[in-house]
Amino acid sequence: MATTTSHVIKPLTPETFPAWLALAEKHNGVWGGCWCSYFHGDTEETIKSEYDGPTFKRRLVAEGIAHAALVFDGDAAIAWCQYGSPAELPGIYHRKQYDAGETNPAPWRITCFFVDRDHRRSGVAREALDGALELIAQAGGGEVVSFPNELAPGKRTSSSFLHNGTRAMFEKAGFTFERHIGKSKTVMRKTIPPAAG
């Protein structure tokens, strides 16, 4: 567990799922009822269409195929960054365009952030990103791709369009810009060394 300011990063597990669920419920399921499952597909044991959002997510966590770094303030989860393998998170935006230009598929991708409305614009999304990268390092590291938005200079954008963060945040975290996909999405990449020990 990494400590940042007074916040603690914990992985999404059956033990931390109730805190994740409380944060999602506070925000009506997040992003219009997505329950942070939009990018997930069916598994051998769980068919997405057969479950409501919270139950589907709980089953994926129990199966060990839903990963996120949760930012805790005390006992409350206040943010998360979802990450996983391409097999876990196949449903990315502009996938055909991404796949067509992908010459070196990465074993990890970051697809989603969410920050409690009471903690926004305070750097918590970056804490979640750093936490996800640390958890990836603990899992053996490797290349990570993500698809943040590139904001037009001076243009205000609703956070609902920034479910994958911004290019600027990823650049500050050491990611390299590769290309654009879609209208405002980018492909960013970083290699994470395995955690020491």
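Residues are numbered from 1 along each chain as its sequence is written, and side-chain values use heavy atoms, with hydrogens and water left out. Because the model is predicted, local features need pLDDT of at least 70 and side-chain atom pairs count only at pLDDT 80 or more, while totals for chains, interfaces and linings use all residues.

Helices (H or I, at least four residues) and strands (E, at least two) are DSSP runs, numbered from the N terminus. Buried here means under 20% relative accessible area, exposed over 50%, and partly exposed in between (1.4 Å probe, protein chains only). After α1 comes Asn 28, with a positive phi near 55°.

Of its 9 residues, 8 are buried, so β4 is largely enclosed by the rest of the structure. Strands count as paired if DSSP finds at least two bridges between them. With β3, β4 pairs in the antiparallel sense over 7 bridges, and His 67 stands opposite Tyr 83 of β4. The hairpin of β3 and β4 has 2 residues between the strands, and Gly 74 in this hairpin takes a positive phi near 70°. β4 also runs antiparallel to β5, to which 6 bridges join it; here Cys 81 stands opposite Phe 113 in β5.

The cysteines come next. Taking a disulfide as a pair of cysteine sulfur atoms within 2.5 Å, the count is 0. For Cys 36, the nearest cysteine sulfur is that of Cys 112, 3.7 Å away; Cys 36 is buried, with a relative accessible area of 2%. Cys 81 is likewise in no disulfide, and its nearest cysteine sulfur, that of Cys 112, lies 8.2 Å away. Cys 81 is buried too, at 0% relative accessibility.

Finally, the whole structure was searched for cavities, sets of points on a 1 Å grid over the protein atoms alone where a 1.4 Å probe fits but cannot get out. The search finds 1 cavity of 30 Å³ or more. The largest cavity holds about 50 Å³ of space, a volume being the space filled by probe spheres set on the points. Its lining residues, which have an atom within 4 Å of a point, are Phe 39, Ile 92, Tyr 93, Thr 111, Phe 147, His 163, Asn 164 and Lys 185.

Note on methods: On a 1 Å grid over the protein atoms alone, a cavity is a set of points where a 1.4 Å probe fits but cannot get out, and a pocket is an open set with protein on both sides within 12 Å along at least five of seven lines; lining residues have an atom within 4 Å of a point.
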